[in-house]
Amino acid sequence: RTRAPAHPRNACARWHAVCTPTLRMRTGNESAGTEAASPNEQRGLRPRRLTQAVEIAADVETAFSAWSAIEELPDILSGVRRVKQIGGNRSLWDADVNGRQLVWEARVRAFERDERIAWESTWGARHRGEVRFEECTPGRTRLTVEIEYWPRGPWQKIGAALGIVRDQVRCDLARFARAVERARLDRARDPRRRLRPHSPHPERA
């Protein structure tokens, strides 16, 4: 008998709970827009930090616009399954990190057009980070991502120790760069065409 693909039920339930405000669940220790400290933070454990960068053959405005279209990022980044804007500066993310499904709500802390976007999770997988956009030379952009996160459970700790999470971020940044560069070339051939990064995942196109 063929078994259905495993899906973490609690993660899926949380996704639907947040997408349906009337079913949204929070613990008694949480206030609106905040998350209670994780056990790791309560024990004073230090978070993991990673920094990855990539150069893109496109101007800063183009790269920034592509990254800002967060609901289209699952078409580009292999580790991101779904993203849903849920109002204001908040969004819900469903991702595959080191082979595990993680769900979180993110709040944008800073949005400086064509310069940087900073965020933090308010619920779910605990982390915070920012992405910066800098002009290397005319028509080229250096995109730098910095993430600070608290691994949960032995599987995530092993992945962090072996650099698996870092490698996943590096590969996804390379995918993003290729997608933006292909979209820029298409736009150059046909100025009427909307600038939308190509999906490196044929099954998602």
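What follows covers the layout, the sheet, the nonpolar core and the salt bridges.

First, some ground rules. This is a predicted model, where local features need pLDDT of at least 70, side-chain atom pairs count only at pLDDT 80 or more, and totals for chains, interfaces and linings use all residues. Residues are numbered from 1 along each chain as its sequence is written, and side-chain values use heavy atoms, with hydrogens and water left out.

**Layout**

The chain has five helices and seven strands; both are DSSP runs numbered from the N terminus, with helices being H or I of at least four residues and strands being E of at least two. Read from the N terminus, the order of elements is α-α-β-α-β-β-β-β-β-β-α-α. Of the 205 residues, 42% count as buried, where buried means under 20% relative accessible area, exposed means over 50%, and partly exposed lies in between (1.4 Å probe, protein chains only). The accessible surface of the chain is about 12,100 Å², and 49% of that belongs to carbon and sulfur atoms; areas come from the Shrake-Rupley method with a 1.4 Å probe, and for residues only the protein chains shown count as cover. Take the contacts (heavy atoms within 4.5 Å) between residues at least 6 apart in sequence: 53% of them join residues at least 24 apart.

**The sheet**

The seven strands form an open sheet with antiparallel pairing, in the order β1-β7-β6-β5-β4-β3-β2. Two strands pair if DSSP finds at least two bridges between them. From one strand to the next, the twist averages 25°.

Helix α3 (residues 60–68) packs on this sheet and touches β1, β4, β5 (116–124), β6 (127–135) and β7 (141–149). The direction of α3 makes about 155° with that of β6; axes are lines fitted to C-alpha atoms, for helices over the stretch in contact, and angles run from 0 to 180 degrees between N-to-C directions.

Strands β3 (residues 90–97) and β4 (residues 100–112) pair over eight bridges in the antiparallel sense. Serine 91 has alanine 106 of β4 as its bridge partner, and tryptophan 93 stands opposite tryptophan 104 in β4. Two residues lie between the strands of this hairpin, and asparagine 98 takes a positive phi near 55°. Strands β4 and β5 are also antiparallel over eight bridges, with glutamate 112 opposite arginine 116 in β5. That hairpin has three residues between the strands, and its aspartate 114 takes a positive phi near 65°.

**The core**

In soluble globular proteins, nonpolar side chains tend to be buried together. Here the largest nonpolar core holds 37 residues; such a core is a set of buried Ala, Val, Leu, Ile, Met, Phe, Trp, Tyr and Cys residues joined through side-chain atoms within 4.5 Å. The members that touch the most others are Ile56, Trp67, Trp93, Val131, Phe133, Leu143 and Phe176. Helix α5 gives the largest share of this core, seven residues. Leaving out residues up to four places away in sequence, tryptophan 67 touches Leu73, Ile117, Val131, Phe133, Leu143, Val145, Leu173 and Phe176.

**Salt bridges**

How many salt bridges are there? The count comes to 14, taking a salt bridge as a side-chain nitrogen of Lys or Arg within 4 Å of a carboxyl oxygen of Asp or Glu. Here are some of them:

| Pair | Closest N to O |
|---|---|
| Glutamate 120 and arginine 107 | 2.1 Å |
| Arginine 170 and aspartate 167 | 2.8 Å |

Glutamate 120 in β5 and arginine 107 in β4 are 13 residues apart, and arginine 107 is partly exposed at 24% relative accessible area. Glutamate 130 is buried at 14%, whereas arginine 132 is partly exposed at 24%. These two also belong to a network of salt bridges that links Glu112, Arg116, Glu130, Arg132 and Glu146.

Arginine 170 and aspartate 167 are three residues apart in helix α5 (residues 164–189), so about one helical turn separates them. Arginine 170 is partly exposed at 40% relative accessibility, and aspartate 167 is partly exposed at 26%.
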